[in-house]
Amino acid sequence: MAVRVQEADFDPGAEMAALSAGRADIGGVACFVGLVRDIASGTAVRAMTLEHYPGMTERQLAEIEAEARDRWPLLEVRIVHRIGRLEPGDRIMFCGVASAHRGAAFEACAFLMDWLKTKAPFWKKEETPEGERWVEARAEDDEAAARWR
């Protein structure tokens, strides 16, 4: 399956290997693995909880994936996004693309990350020493996504 939303951890190596398994037409694979940081906006983070709307989130991720496939000649795409409570160092997401050429793989991976960050319906709540807080959208993420419009 190209898009998954799950609580369980994932193996980035296995996800990356699955992108090109049994294929000889792939010339480049580009991947990104997101991790929970222990600090955000200058404040320590003890944990982050990611919430979503089942069904709606998967549909939106599939639409983002389809957009990448429309823009670049991609042979395989895998997106894994975790939900639930995660601690610093835990993996949040995997994005991997495979193409005949590295340029398409690099560009599509960057596009997917920018659009997933700004268009995917996930809500993040951080646990800090001062209490819980919802993570707000960042202008830098919107600016990064704007280059693909």
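**Core and helix packing**

The largest nonpolar core holds 32 residues, and Trp 72, Val 97, Leu 112 and Leu 116 touch the most other members. Such a core is a set of buried Ala, Val, Leu, Ile, Met, Phe, Trp, Tyr and Cys residues joined through side-chain atoms within 4.5 Å. Buried means under 20% relative accessible area, exposed over 50%, partly exposed in between (1.4 Å probe, protein chains only). At least two residues of this core come from each of strand 1 (3–6), strand 5 (47–52), helix 2 (56–71), strand 6 (74–82), strand 8 (91–99) and helix 3 (102–119). Helices (H or I, at least four residues) and strands (E, at least two) are DSSP runs, numbered from the N terminus. Helix 3 gives the most, nine residues. A second, separate core has six residues, including Ile 26, Val 80, Phe 94 and Ala 98.

The model is predicted: local features need pLDDT of at least 70, side-chain atom pairs count only at pLDDT 80 or more, and totals for chains, interfaces and linings use all residues. Residues are numbered from 1 along each chain as its sequence is written, and side-chain values use heavy atoms, with hydrogens and water left out.

Back to Trp 72. Leaving out residues up to four places away in sequence, Trp 72 touches Ala 104, Glu 107, Ala 108, Phe 111 and Trp 148. Contact means heavy atoms within 4.5 Å.

Now take Glu 15, in helix 1 (residues 12–20). Glu 15 is buried, with a relative accessible area of 7%. Its contacts, not counting residues up to four places away in sequence, are Arg 4, Phe 10, Arg 78, Val 80 and Phe 94.

Next, the helix pairs. Helix 2 and helix 3 pack at about 150 degrees, with axes 10 Å apart. Axes are lines fitted to C-alpha atoms, for helices over the stretch in contact, and angles run from 0 to 180 degrees between N-to-C directions. The two helices are therefore roughly antiparallel. Angles under 35 degrees count as roughly parallel, over 145 as roughly antiparallel, 65 to 115 as roughly perpendicular and the rest as oblique.

The axes of helix 3 and helix 4 (residues 139–146) come within 9 Å and cross at roughly 135 degrees. That makes helix 3 oblique to helix 4. Asp 114, Trp 115, Lys 117 and Thr 118 of helix 3 meet Asp 141, Asp 142, Ala 144 and Ala 145 of helix 4.
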